[in-house]
Amino acid sequence: MKNSPFMAAGLFTLLCTALHGAPDPQWLGHDRARPAPAVVTPGTFSSQEQPGTPPSDATVLFDGKDNSAWVAMDGSPTKWVVKDGALECVPGSGYVRSLQAFGDCQLHVEWAAPTPPHGDSQGRGNSGVFFGFGRYEVQVLDSYNNKTYADGSAASVYGQYPPLVNASLAPGRWQVYDIIWTAPRFDDEGKLKSKARLTVLHNGVVVQNNVELTGPTGWVGRIPYPNHPERTPIAFQDHGNPVRYRNVWVRELNNPRHKEFRLSDATLDSYAGDYSNGKVTRLPEGLLAINVGGVDTVLHAESQTKFYALTTDIQVEFNVAEGKKQALVTVGDDFTRAMRWEKK
Ligand code: MG
């Protein structure tokens with residue numbers, strides 16, 4: 001067969017496709033069978049006087065009324081207070097964290113530094129928005145006419161990336177962080193597969209553009225990535241200044257099947273132990289492991305009592321109320337064969 005211009009054009013197209021690939025190879029370009037994006041009703045913007053509203057699919061972490069989505073780092077009740085529609089740091093009470101854990105997400109946070117300002121440099125209006133269960137900090141600081149080291153300024157990725165510009169408002173004013181977080185990924189052996197990334201808008205101004213973190217943030221030195229779950233709580237720092245937060249909401253970006261929570265150490269301790277049919281053990285990072293059929297499986301909490309596994313369809317419901325100590329263990333959807341484990 002002789003070459004024709006049409007064949008050449010076809011080959012060229014094929015070559016281009018092979019070279020560039022498709023955004024998602026399971027769909028054709030303009031595939032009519034491809035599901036339409038879910039409809040989301042956008043929220044409204046905040047003013048200084050009035051916080052805005054979140055998009056319809058957001059998980060609201062603080063709406064100005066109650067702090068029930070927040071706990072101390074060990075999961076016990078937080079000492080941060082709700083005052084005048086804000087969640088306020090009580091110096092000396094420790095970090096506050098979300099009970100729920102999130103993977104890749106969009107986080108909206110509004111914060112205000114104390115006024116009149118006290119202290120200088122890192123001592124003025126210091127707090128922080130942390131991802132990764134207290135590991136990765138987007139700095140909160142009163143950086144309005146306050147000299148400090150660049151990579152410790154407001155909206156810096158602390159100790160790693162100064163903000164591209166200083167978009168700070170005066171202390172006492174409500175300031176907005178819109179943050180896009182990409183969690184680091186680890187393989188089954190706990191080896192780092194991909195690093196964490198952050199994009200930050202400070203009062204609507206891009207100040208971090210998809211930067212790649214070297215590891216956890218910290219004062220002096222570089223900390224290597226430790227293996228941890230993809231989904232982790234969001235935390236605010238107690239750095240000794242009564243910084244206030246309002247209108248906190250988050251949108252998880254990878255549409256997971258279950259919600260995930262990091263329960264208190266006390267609750268997890270009450271579930272761990274020897275049972276009639278096997279054993280439940282504590283793992284780091286607020287996880288549990290259950291031994292079913294001689295295999296240890298990691299369990300993630302989807303509520304205060306229900307747990308699920310990521311790798312096998314194992315579900316466990318604990319019942320330790322009213323003197324009972326039981327775990328109802330199901331594998332797959334065969335609930336008729338649910339195993340009732342009695343705690344020893
Ligand atoms: Mg800080």
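View 1. The protein is divided into domain 1 (59–252) and domain 2 (265–342), with bounds that come from an automatic or database domain assignment. This is a predicted model, in which local features need pLDDT of at least 70 and side-chain atom pairs count only at pLDDT 80 or more, while totals for chains, interfaces and linings use all residues. Residues are numbered from 1 along each chain as its sequence is written. Taken over C-alpha atoms, the centres of domain 1 and domain 2 are separated by 32 Å. Along the principal axes, the C-alpha atoms of the protein fill a box of roughly 80 × 70 × 40 Å. The protein has two helices and 23 strands; helices (H or I, at least four residues) and strands (E, at least two) are DSSP runs, numbered from the N terminus.

**View 2. Where the two domains touch.** Six residues of domain 1 are in contact with five residues of domain 2, where two residues are in contact if their C-beta atoms, placed from the backbone, lie within 7 Å. On the side of domain 1 that touches domain 2 there are two nonpolar, three polar and one charged residues; Ala, Val, Leu, Ile, Met, Phe, Trp, Tyr, Cys and Pro count as nonpolar, Asp, Glu, Lys and Arg as charged, and the others, Gly among them, as polar.

**View 3. The open sheet of eight strands.** This sheet has the order β16-β17-β18-β19-β20-β21-β22-β23, with antiparallel pairing, and two strands pair if DSSP finds at least two bridges between them. At the edges stand β16 (273–275) and β23 (339–342), each of which has a single partner strand, so one side of each is left without a neighbour in the sheet. Direction ignored, neighbouring strands of this sheet are turned by 30° against each other on average; the axes are lines fitted to C-alpha atoms, for helices over the stretch in contact, and angles run from 0 to 180 degrees between N-to-C directions.

**View 4. The hairpins on either side of β18.** Strand β17 (residues 278–283) runs antiparallel to β18 and is joined to β18 by four bridges, with valine 280 standing opposite isoleucine 290 in β18. Three residues lie between the strands of the hairpin of β17 and β18, in which glutamate 285 takes a positive phi near 70°. Strand β18 (residues 287–292) is in turn joined by five bridges to strand β19 (residues 295–301), and these two run antiparallel; the bridge partner of leucine 288 in β19 is leucine 299. The hairpin of β18 and β19 has two residues between the strands, and there glycine 293 takes a positive phi near 60°.

**View 5. The open sheet of five strands.** The strands of this sheet follow the order β2-β5-β14-β7-β8, and the pairing is antiparallel. Because β2 (70–72) and β8 (136–140) stand at the edges, each with a single partner strand, one side of each is left without a neighbour in the sheet. Strand β7 (residues 127–131) and strand β14 (residues 232–236) run antiparallel and are joined by two bridges, and phenylalanine 130 stands opposite alanine 235 in β14.

**View 6. Strand β9 and its partners.** Strand β6 (residues 105–112) pairs with strand β9 (residues 175–182) in the antiparallel sense over seven bridges, and glutamate 110 stands opposite valine 176 in β9. Strand β9 also pairs with strand β12 (residues 197–202), in the antiparallel sense and over six bridges; here tyrosine 177 has histidine 202 in β12 as its bridge partner.

**View 7. The largest nonpolar core.** This core has 67 residues, and those with the most contacts inside it are Val129, Val138, Tyr177, Ile179, Leu198, Tyr245 and Val316; a nonpolar core is a set of buried Ala, Val, Leu, Ile, Met, Phe, Trp, Tyr and Cys residues joined through C-beta atoms within 7 Å. Its largest share, five residues, comes from β6. Domain 1 (59–252) and domain 2 (265–342) both give residues to this core, so it lies between them. Not counting residues up to four places away in sequence, isoleucine 179 touches Leu107, Val129, Val138, Leu198, Thr199 and Val200.

**View 8. Histidine 30, an exposed residue in a loop.** Histidine 30 lies in the loop between α1 (5–20) and β1 (59–62). With 6 other C-beta atoms within 10 Å, histidine 30 is exposed; a residue is buried if 20 or more other C-beta atoms lie within 10 Å of its own, exposed if 12 or fewer, and partly exposed in between, with C-beta atoms placed from the backbone. Buried residues make up 34% of the 344 residues in the protein.
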